Amino acid sequence: MKCPRCGSEMKEGMLFCENCGEEIRIVQDFEPEIDGIVTGFDNASNIRPAKVNTEKGKKNEASHMPVLKKRHFGRKKRVFYAAGGAALLIVCVLAAVFVLCFRNSEYQYKRAMRYIQAGDYDVARAYAEQAVRLAPDDSEYLAAYAVCLAQTGRKEETVTVCLRILELDASNEQAYRALIAIYEEDGEYEKINDLLLSCPDEQIVSSYPAYVAKPPEFSYESGIYDKALSLRLSANTSGTIYYTMDGSEPDEDSLTYASPIFLESGAYQIRAVFVNQYGVESQEAEGNYFVDVTVPDAPQVSPAEGSYSRPTLITVSGGENCRIFYTTDGSEPTQDKMEYTGPIPMPVGVTKFRFICYSLAGAAGGETQVTYALNLRASLSIEAARNKLLIELIAADVIQDMSGTVETGTGHYVYNYRYAVTIDGADYYLYREYYEDDAGNSAATGTDYVVDIMNGTCYKAVQAAEASGNASATDGEPESAGRQGKGAVEPDAKLHQAEKSPEDPWSSLTLQEIDSQDKNPEADAGETDSRGTDAGATPE
């Protein structure tokens, strides 16, 4: 290093020249033009202060250049990342839209319908299948899927889907149309018949009449008729009706229906089936008929009409398979009037009977009218005999007073005249006992009493079989309990049963004395119900 003043060599690190004493500066002054350049960069950048040392400025300039390059590279990186993020976001959005559409049944169905309309059933089937998978109980989606299956030749799958549609919508015409087309192509007419018979929509069924085989229809309902019948059988479509008249099962070897079947008197059991033009057989139809074209004769009545002085039974007879009805008030006898079932006790006084026979077919025959006048030669009237009976029952402690009051104090007994009877040659009035509660409800107790029309002697009247049974149960002593307990038979019923001995049906009645044992055992034994009615009594 040389001294800038004298030019003498100076030792390194010296601050003064040893020759002239000039002070040595470590940092040299910049050249004016260089200083101007630095000042201009500083003014332009407004970042760094002015530089006075040229070497230091160059060093700083050299160190600044790499920083600018680094910032430029970072900007590109940020742009790259931003673009990549935007692309990723777009991909995610598209993926989300795709997933949502894939999982949306309505979207899948609409895409399927678009391809169905375009005739591309293979592509449409994929969309329809996805729609059904997402909503398996939607008949509309199933219908679209069935169309795709049918158009792509998948018969079995089409049948399965159509049957599922009908489970959800039994009147889905599109499903019926697809199934019938498949069954018809395969010649499975039995399946078409069963399918249509199960259809609740008659309009759909009527669209395919030739395939249905319904049971034959009969022009007359089963029943009893009093005239000959011209029975017609009809079917719902073209085919053949086969029938039998002896109750046997009909088949294609049976009688072929071609004209009305004429039914005269007699019983008929007609069974028929229908086979349509495709060989499908219907279920069986059956009709049962009883035809009776005969008109019954007028019934025969005994005894002859007239006046009588002793109890008499009226008996009536008609033809076989006839029912006899009658009236006693002068009205016309019809099937809704009283039916004759056995001998009728002649009422006291004047009575007009009208009898008529009806056949089982309901045909009315001739009518018989008779008038009887029964005037008993009695010392006691019906009312006087009843009073005599009440006195006897009070004495036997069966009732408490003439009003029929019972010991319990609730309700009372009533004794109604029924008719006159003859027992062991003596004539009696027969009275039936009824229990009437405080509300006015009345019921027969099953106990009957008779009063001698001449001397007023009172007895309890029972069936001979009951009397003998009670006697054996009491070691030979006659049963005299006033309520003839379980199994007591109404006198009317006795008369009806007496047809085995029409001459004297009252011979089965036995008379028993009235004593204190006739008392209602309700208070003592508790054998009767709360109304004092026998447990075995049959109310009228």
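The dialogue below turns to aromatic pairs and the residues that form them.

Modeller: A pair of aromatic rings is described by the distance of the centres and the angle of the planes. The model here is a predicted one, and the structure holds 20 aromatic pairs.

Biologist: What are the distance and the angle for Tyr220 and Tyr225, and which kind of pair do they make?

Modeller: The ring centres of Tyr220 and Tyr225 are 5.8 Å apart and the planes stand at 80°, so this pair is edge-to-face, given that angles over 60 degrees fall in that class. Tyr220 is partly exposed, with a relative accessible area of 27%, whereas Tyr225, at 18%, counts as buried.

Biologist: How is the pair of Tyr308 and Tyr372 classed?

Modeller: That pair is tilted, with 6.1 Å from centre to centre and 55° between the planes.

Biologist: Where do Tyr308 and Tyr372 lie in the sequence and in the strands?

Modeller: Tyr308 belongs to strand β11 (residues 306-308) and Tyr372 to strand β17 (residues 364-374), so their pair ties together parts that are 64 residues apart in sequence.

Biologist: Is Tyr372 buried or exposed, and what is the case for Tyr308?

Modeller: Tyr372 is buried, its relative accessible area being 1%, while Tyr308 is partly exposed at 23%.

Biologist: Which residues make up the cluster that contains Tyr308 and Tyr372?

Modeller: Ring pairs join Tyr308 and Tyr372 with Tyr326, Phe353 and Phe355 in a cluster.

Notes:
Residues are numbered from 1 along each chain as its sequence is written. This is a predicted model: local features need pLDDT of at least 70, side-chain atom pairs count only at pLDDT 80 or more; totals for chains, interfaces and linings use all residues. Side-chain values use heavy atoms; hydrogens and water are left out. Rings of Phe, Tyr and Trp (its six-membered ring) pair if their centres lie within 6.5 Å; planes under 30 degrees apart count as stacked, over 60 as edge-to-face and the rest as tilted. Buried means under 20% relative accessible area, exposed over 50%, partly exposed in between (1.4 Å probe, protein chains only). Helices (H or I, at least four residues) and strands (E, at least two) are DSSP runs, numbered from the N terminus.
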